[in-house]
Number of protein chains: 2
Amino acid sequence: MYLSKLFIPITKDLPAEAKIKSHQLMLRTGMIKQSSAGIYSWLPLGFKVMKKIEKIVREEQNSVGAQEMLMPTIQSSEIWKESGRYDDYGEEMLRITDRQGREMLYGPTNEELITDVFRSSIKSYKSLPQILYHIQWKFRDEIRPRFGVMRCKEFYMKDAYSFDLSDEEAKKSYNKMFFSYLKTFNRLGLKAIPMSAETGPIGGDLSHEFIILADTGESKIYTDKKIFEINLKNYKFNDLSLKKMREDFTQIYTATDEKFDKDDFDKKVEKKNQVIAKGIEVGHIFYFSDKYSIPMNCMIDDKEGKKISVKMGSYGIGVSRLVAATIEANYNNDVMKWPKSISPFDVVIIPSISKNNKENLQKAEKIYKDLKKQNIDVLLDDVDENMSNKFKKHDLIGVPYQIIVGSKSEGSNLEFKELNLKSELLSLDNIKSKIKT
Amino acid sequence: MYLSKLFIPITKDLPAEAKIKSHQLMLRTGMIKQSSAGIYSWLPLGFKVMKKIEKIVREEQNSVGAQEMLMPTIQSSEIWKESGRYDDYGEEMLRITDRQGREMLYGPTNEELITDVFRSSIKSYKSLPQILYHIQWKFRDEIRPRFGVMRCKEFYMKDAYSFDLSDEEAKKSYNKMFFSYLKTFNRLGLKAIPMSAETGPIGGDLSHEFIILADTGESKIYTDKKIFEINLKNYKFNDLSLKKMREDFTQIYTATDEKFDKDDFDKKVEKKNQVIAKGIEVGHIFYFSDKYSIPMNCMIDDKEGKKISVKMGSYGIGVSRLVAATIEANYNNDVMKWPKSISPFDVVIIPSISKNNKENLQKAEKIYKDLKKQNIDVLLDDVDENMSNKFKKHDLIGVPYQIIVGSKSEGSNLEFKELNLKSELLSLDNIKSKIKT
């Protein structure tokens with residue numbers, strides 16, 4: 001893609017309404033545009049990043065055997081009355097009356113709807129266990145939407161639902177999702193801490209939040225740095241090993257502000273291992289057994305032909321929120337550096353262009369074509385602008401690798417720079433292998 | 001995927017509420033489930049097909065230089081008041097009042113919102129032309145939703161918007177989309193006819209519908225069979241060649257019932273070439289110049305620094321509707337055969353299983369693993385059921401290729417069947433190359 005053709009409305013001004021750095025960056029680099037309070041359009045740059053995050057989330061859901069489907073955004077109030085949550089949900093639920101006077105709503109979450117799908121589809125124990133998920137827009141009518149896509153009204157979320165025969169079996173599904181979540185955040189280059197959590201309006205008695213570390217996080221986190229040393233590769237994908245994995249994580253001290261107790265912290269965590277940091281919630285998983293299946297009569301025949309209620313859990317990841325959270329974790333000292341796995345482009349070519357000399361641009365175009373042929377997703381900055389402005393701009397766009405076509409190139413060697421590091425002279429072949437690894 | 005694990009609630013009964021064959025098939029094979037009138041969940045089988053269609057639509061949009069982004073589903077009424085369409089749209093628009101009393105709506109289309117994004121982002125002629133698109137859920141509060149996802153309330157649509165400096169330039173964008181649409185439908189294995197059309201509530205003076213042939217189509221079509229002989233490969237991707245392409249298509253006689261004139265038809269189309277068929281609309285494109293840019297003040301500076309209104313067009317493809325339309329075009333004599341490009345699986349393995357003999361199942365599992373390794377997306381029917389039932393079921397699921405593991409296999413040769421054709425004995429290597437080509 002040529003930068004001059006890319007729909008990327010970059011602004012130089014720091015937007016006054018943006019209070020946190022991810023919101024500022026996303027507006028400045030034209031990743032998003034607000035259309036009304038708490039509701040955003042995703043412009044091409046932001047969209048590309050979100051889609052890459054979505055793809056990783058999807059792959060890690062599929063890899064633990066979850067099946068993708070898609071529920072609609074608009075739901076009938078009937079099923080919410082069945083579960084008893086229609087009145088509980090309050091004003092955050094966007095309630096709608098259709099032309100025939102039916103009470104509808106924009107789904108803030110999908111426990112009711114998936115239970116409805118399940119009860120009309122599955123009748124026998126033979127079809128269990130099942131994990132279904134979808135990645136769909138949700139709506140919460142926040143009274144004070146803020147921080148850009150971090151706390152907005154219309155947001156993109158992956159929510160999975162597990163269905164099992166017994167509480168014991170259900171814990172196995174829970175552990176699979178626990179594993180999938182940690183793998184997902186790893187691939188996004190984020191340090192995630194699973195923390196035991198309150199269940200809130202979803203209900204149940206077992207729940208974990210996944211918090212990633214970022215200086216601007218909203219909640220204060222206390223933990224032991226050992227938690228970052230656990231290697232997921234040491235666990236196999238079977239029930240026993242995944243049980244061990246969850247135990248290994250959850251036996252390590254973690255606490256948020258509300259639960260923090262200094263004496264306890266000092267007793268359980270060696271001074272040199274104590275981590276006090278800030279974090280952002282990016283995922284939340286719940287086990288609530290038959291909280292929905294009983295009132296909604298979601299029953300199956302067990303081996304003896306007896307009707308039993310299905311045991312359920314739900315598992316959410318904020319896909320649109322993760323775009324902002326990744327920025328909070330990676331944008332420092334006026335430089336944003338996207339993790340390779342979700343960068344909007346693999347590499348950017350920055351030629352030094354002047355009115356009288358188009359030689360660098362031509363050279364850049366040649367490199368561009370060469371990289372394209374190898375399926376490298378490359379951005380070419382063909383804008384006629386001085387190099388110092390260009391560098392400032394690319395510090396914000398955040399593509400981690402740059403090929404600079406200017407005075408420093410020597411023979412067939414090119415100036416190559418990884419953001420936050422010094423530039424070096426490398427052959428194009430060496431650059432390709434750097435980008436690809 | 002093992003069929004016993006797939007979330008695919010197959011029903012044997014012909015659903016009474018379904019009047020057309022695509023709706024019947026989608027319910028019977030568990031592709032969709034209605035959640036309320038005109039609103040559906042997409043279960044894994046249906047979801048996979050829709051995603052494959054979406055991918056082809058996306059690739060063909062990208063290949064003509066359109067850039068993907070994503071607008072929200074919920075819009076403010078303000079921009080619709082600016083364009084003047086808020087009152088015109090009537091009861092099909094799902095109107096919503098949020099908790100702060102603001103008038104919002106669920107977007108039925110996005111001309112207003114994209115114009116709003118564009119006017120605040122692009123100020124100079126240098127950034128034109130641009131084509132932006134998104135693939136997003138839309139809502140039309142149909143008074144009588146029917147025919148399943150063919151005429152439902154919440155539907156998935158690709159809509160693109162072009163922005164140009166002059167009417168003449170805009171026609172070039174229009175031709176690009178025209179080309180992209182025909183390529184898209186070709187890849188879906190559909191015979192599509194572009195027909196000059198009314199512009200309706202979108203407005204403008206140039207418009208084409210894309211109609212695909214299907215016996216159960218809602219509109220009657222009269223055309224010349226020469227229209228199916230035009231080869232898109234004869235055109236190059238440049239303005240002149242695409243102009244020629246549109247002329248070549250539009251000079252051929254096409255008419256719907258309303259415009260049909262028998263004398264005219266007989267005069268313009270040789271008897272032996274006359275095609276009288278039924279069709280389903282799957283795409284619609286519009287050129288409406290400054291219908292939105294003038295009232296919404298979407299202006300840019302031209303070369304002389306003068307403010308001029310941007311010239312716009314819009315281009316829609318019904319992605320969810322295409323799933324049903326493809327079924328209407330391909331489901332005949334109780335056999336559904338998906339085009340390879342969008343089949344939910346590449347191939348299905350059907351072993352003959354009995355309680356006392358699991359040998360065929362084991363053999364099938366070995367083939368399954370082998371095909372998986374080659375990235376072939378394979379379904380294994382491990383359900384304990386007689387072969388005649390299995391074949392009936394797979395006639396509906398519609399995977400075009402079957403490997404039948406039973407009595408007819410000879411040595412290393414396997415029984416291989418393409419739906420609607422006779423089975424043959426082939427080596428696994430030959431089968432693989434058949435599937436892949």
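**Figure 1. Helices α1 and α9 of chain A in the predicted model.** In this predicted model, the axes of helix α1 (residues 21-28) of chain A and helix α9 (residues 319-330) of chain A approach within 8 Å of each other and cross at roughly 110 degrees. On the α1(A) side the contact involves Lys21(A), Ser22(A), Leu25(A) and Met26(A), which meet Ala324(A), Ile327(A) and Glu328(A) of α9(A). By class, the residues of this contact divide into four nonpolar, one polar and two charged. As for the confidence of the prediction, chain A has a mean pLDDT of 95, with 100% of its residues at 70 or more.

**Figure 2. Helices α6 and α7 of chain A.** Helix α6 (residues 167-187) of chain A packs against helix α7 (residues 239-250) of chain A at an angle of about 65 degrees, and their axes are 9 Å apart. The crossing in which α6(A) passes α7(A) is left-handed. From α6(A), the residues that make the contact are Lys172(A), Asn175(A), Lys176(A), Phe178(A) and Phe179(A), while α7(A) contributes Asp239(A), Leu242(A), Lys243(A), Met245(A) and Arg246(A). The contact of α6(A) with α7(A) is made up of four nonpolar residues, one polar residue and five charged residues.

**Figure 3. Helices α2 and α6 of chain B.** The axes of helix α2 (residues 44-62) of chain B and helix α6 (residues 167-187) of chain B come within 9 Å, and the angle at which they cross is roughly 150 degrees. Angles over 145 degrees count as roughly antiparallel, and α2(B) and α6(B) are therefore roughly antiparallel to each other. The crossing of α2(B) past α6(B) is right-handed. Sorted by class, the contact of α2(B) with α6(B) holds two nonpolar, three polar and three charged residues.

Figure 4. Five strands of chain A form an open sheet of mixed pairing, in the order β20-β19-β21-β22-β23. The edges are taken by β20 (378-380) and β23 (424-427) of chain A, each of which has a single partner strand, so that one side of each is left without a neighbour in the sheet. From one strand to the next, the twist averages 35 degrees. Within this sheet, strand β21 (residues 401-405) of chain A runs antiparallel to strand β22 (residues 413-418) of chain A and is joined to that strand by four bridges, with Glu415(A) in β22(A) as the bridge partner of Ile404(A). Helix α10 (residues 359-373) of chain A lies across β19 (347-351), β20 and β21 of chain A, and runs at about 165 degrees to β19(A). Helix α12 (residues 428-436) of chain A also packs on the sheet, where α12(A) touches β19, β21, β22 and β23 of chain A, and its direction makes about 100 degrees with that of β23(A).

**Figure 5. The hairpin of strands β22 and β23 in chain A.** Strands β22(A) and β23(A) pair in the antiparallel sense over four bridges, and Glu415(A) stands opposite Leu425(A) in β23(A). The two strands β22(A) and β23(A) form a hairpin that has five residues between them, and in the turn Asn420(A) has a positive phi of about 75 degrees.

**Figure 6. The open sheet of chain B.** The strand order in this open sheet of five strands in chain B is β20-β19-β21-β22-β23, and the pairing is mixed. Strands β20 (378-380) and β23 (424-427) of chain B stand at the edges with a single partner strand each, so one side of each lacks a neighbour in the sheet. The twist from one strand to the next averages 35 degrees. Four bridges link strand β22 (residues 413-418) of chain B with β23(B) in the antiparallel sense, and Asn413(B) stands opposite Ser427(B) in β23(B). Helix α12 (residues 428-436) of chain B packs on the sheet and touches β19 (347-351), β21 (401-405), β22 and β23 of chain B, with its direction at about 100 degrees to that of β23(B).

**Figure 7. The contact between chains A and B.** For the complex, the predictor gives an ipTM of 0.96 and a pTM of 0.97. Chain A and chain B bring 41 residues each to the contact. Among the elements of chain A that each supply at least two residues of the side touching chain B are β1 (32-36), β2 (39-42), α2 (44-62), α5 (111-119) and β7 (130-139). That side of chain A comprises 22 nonpolar, eleven polar and eight charged residues.

Definitions and conventions:
Residues numbered from 1 in each chain as written. Chains lettered and ligands numbered in written order. Predicted model: local features only at pLDDT ≥ 70, side-chain atom pairs only at ≥ 80, totals over all residues. pLDDT = per-residue confidence, 0-100. Axes fitted to C-alpha atoms, helices over the stretch in contact; angles between N-to-C directions. Contact = placed C-beta atoms within 7 Å. Nonpolar A, V, L, I, M, F, W, Y, C, P; charged D, E, K, R; others polar. Parallel < 35°, antiparallel > 145°, perpendicular 65-115°, else oblique. Left-handed = near helix turned anticlockwise from the far one by under 90°. Pairing = 2+ DSSP bridges.
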